[in-house]
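Work through the exercises below with the sequence and the structure open. Each task is followed by its solution.

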Amino acid sequence: MLPAYVPNPVAALCGGGTPIDFGKNYSDGNRIFGDGKTYRGLVIGILAGIITGLILIWCAGQFPAAGLPGHTPLSITLLATGALLGDLVKSFFKRRFGKERGTKWPVADQYDLVAGAFLLLLIGDPAWLFTMVTLPVFLIILIITPVLHRATNIIGYILKVKEVPW
């Protein structure tokens, strides 16, 4: 999951510039995504996830006894892209429910990246998904994701990358 976990904090750290929605409002009068979703963050975040995955592929080849997952270029691309697309979809619905940027939205805030990554894998590489994400692995992902989400948000808040620590 590392190629899916890396893009969000990197997008927050390196984002800025032109919003993906170009500042436009949806038919409900609210922004489509908001200022926090930018092209720079999207592209750099996805690239960071892919680079992370390429490092994992290299490490698995160098240290086969380490038990690293058998990533492929396709799996890491789908994980990284899916994570940020899941975040975009969550932001879209967050705006539809009238929630402002930075407002807590429990469960959706923690699992959007997992849902997006798994959905893209299901569409683009289901064999890899069902081979690598066994039930025990899935349960570990469900447990570790909110812990990592909280930790990275606190670090982002301390570094003044995020306005709120959640």
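A crossing is left-handed if the near helix is turned anticlockwise from the far one by less than a right angle, and right-handed if clockwise. The model is predicted, so local features need pLDDT of at least 70 and side-chain atom pairs pLDDT 80 or more, while totals for chains, interfaces and linings use all residues. Residues are numbered from 1 along each chain as its sequence is written, and side-chain values use heavy atoms, without hydrogens and water.

**Exercise 1.** Describe how α5 packs against α7.

Step 1. Helix α5 spans residues 108-124 and helix α7 residues 135-158; their axes are 8 Å apart, at an angle of about 135 degrees.
Step 2. This makes α5 oblique to α7 (under 35 degrees is roughly parallel, over 145 roughly antiparallel, 65 to 115 roughly perpendicular, the rest oblique).
Step 3. The crossing of α5 past α7 is right-handed.
Step 4. On the α5 side the contact (heavy atoms within 4.5 Å) includes Tyr111, Val114 and Phe118; on the α7 side, Phe138, Ile141 and Leu142 are among the residues.
Step 5. Sorted by class, seven residues of this contact of α5 with α7 are nonpolar, three polar and one charged.

**Exercise 2.** Is Lys94 buried or exposed, and what does its side chain reach?

Step 1. Locate Lys94 in helix α4, residues 73-96.
Step 2. Lys94 has 6% relative accessibility and therefore counts as buried (under 20% relative accessible area; exposed is over 50%, partly exposed in between, with a 1.4 Å probe and protein chains only).
Step 3. The Lys94 side chain reaches the backbone oxygen of Thr103 at 2.7 Å.

Terms used. Axes are lines fitted to C-alpha atoms, for helices over the stretch in contact, and angles run from 0 to 180 degrees between N-to-C directions. Helices (H or I, at least four residues) and strands (E, at least two) are DSSP runs, numbered from the N terminus. Ala, Val, Leu, Ile, Met, Phe, Trp, Tyr, Cys and Pro count as nonpolar, Asp, Glu, Lys and Arg as charged, and the others, Gly among them, as polar. A polar contact is a pair of N or O atoms within 3.5 Å; within protein, one must be able to donate a hydrogen and the other to accept it, and residues adjacent in sequence count only if both atoms are side-chain atoms.
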